[in-house]
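Subject: Handing over the structure

Hi,

Here is the structure I said I would pass on. Please have a look before you read my notes.

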Amino acid sequence: MDDVDRKILAELQQDGRLTVTELAARVRLSVSPCHRRLRELERSGAIQGYRAVVDAAALGLTFEALVFVSMRQEDRDTVAEFERAVGELEHVLDAQRLFGEPDYLLRIATADLAAFQRLYDERLATLPGVQRLTSTLVMKHVVRDRPLPA
């Protein structure tokens, strides 16, 4: 990856709907070399996809919580089953396995506190291998969806 590829990635992180012509102009390439580089970045996995950034409030998801998960059991099968089950929960926006304690951090969005409580009681508390759940509520986002540094 060279500086031109990094410029392409930076531009696309700012506006993923750029046409190849617009992108080429911004990174100072002609269209054909820009298009080749773009396809190679996609093929290599450096670009993993394109999507819209949607306002959660527009979908009625105005309540956000961070849930810290401590596992009772951490054998391979339990961890795999826990991660599979978390992956099926549509309200889990991010799930990260951590070093140390706690074992996982989940970012969850729901319509309101009552919906979060139902999700917590009916789904999160019953996930395989869970010993303890600790939640904290998001007051506001200070930095959100920042592009990766070039």
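This is a predicted model: local features need pLDDT of at least 70, side-chain atom pairs count only at pLDDT 80 or more; totals for chains, interfaces and linings use all residues.

Residues are numbered from 1 along each chain as its sequence is written, and side-chain values use heavy atoms, with hydrogens and water left out.

Domains

The protein is divided into domain 1 (3-44) and domain 2 (56-137). Those bounds come from an automatic or database domain assignment. The C-alpha centres of domain 1 and domain 2 lie 37 Å apart.

Largest pocket

First, the terms. On a 1 Å grid over the protein atoms alone, a pocket is an open set of points where a 1.4 Å probe fits, with protein on both sides within 12 Å along at least five of seven lines; lining residues have an atom within 4 Å of a point. Grid points are joined across faces, edges and corners, and a volume is the space filled by probe spheres set on the points.

The largest pocket has a volume of about 1,600 Å³. It is lined by 41 residues, and the closest to its centre are Arg51, Ala52, Val53, Asp145 and Arg146. Helix 1 (3-14), strand 1 (63-71), strand 2 (92-97) and strand 3 (104-110) each give two or more residues to the lining. Helices (H or I, at least four residues) and strands (E, at least two) are DSSP runs, numbered from the N terminus. The largest share, six residues, comes from helix 1. By class, the lining has 24 nonpolar, seven polar and ten charged residues. Nonpolar covers Ala, Val, Leu, Ile, Met, Phe, Trp, Tyr, Cys and Pro; charged covers Asp, Glu, Lys and Arg; the others, Gly among them, are polar.

Where does the largest pocket lie? It lies between domain 1 and domain 2, because both give residues to its lining.

Second largest pocket

The second largest pocket has a volume of about 160 Å³. Its lining is Glu64, Leu66, Asp94, Gln96, Leu105, Leu106, Arg107, Val138 and His141. Strand 1, strand 2 and strand 3 each give two or more of these. The largest share, three residues, comes from strand 3. The lining divides into four nonpolar, two polar and three charged residues.

Strand 3

Seven of the seven residues of strand 3 are buried (under 20% relative accessible area; exposed is over 50%, partly exposed in between; 1.4 Å probe, protein chains only). Tyr104, Leu106, Ile108 and Thr110 are on one side, and Leu105, Arg107 and Ala109 are on the other.

Strand 3 pairs with strand 1 in the antiparallel sense over seven bridges. Pairing needs at least two DSSP bridges between the strands. Tyr104 is the bridge partner of Val69. Strand 3 also pairs antiparallel with strand 2, over five bridges. There, Arg97 stands opposite Tyr104. Strand 2 and strand 3 form a hairpin with six residues between them, and Gly100 in the turn has a positive phi of about 80°.

Two residues

Gln96 sits in strand 2. Its relative accessible area is 42%, so Gln96 is partly exposed. Gln96 touches Asp103, Tyr104 and Leu105 (heavy atoms within 4.5 Å), not counting residues up to four places away in sequence.

Arg123 is in the loop between helix 5 (113-122) and strand 4 (130-137). Arg123 is partly exposed too, at 41%. Arg123 and Ala85 are 38 residues apart in sequence and 9.2 Å apart in space, C-alpha to C-alpha.

Best wishes
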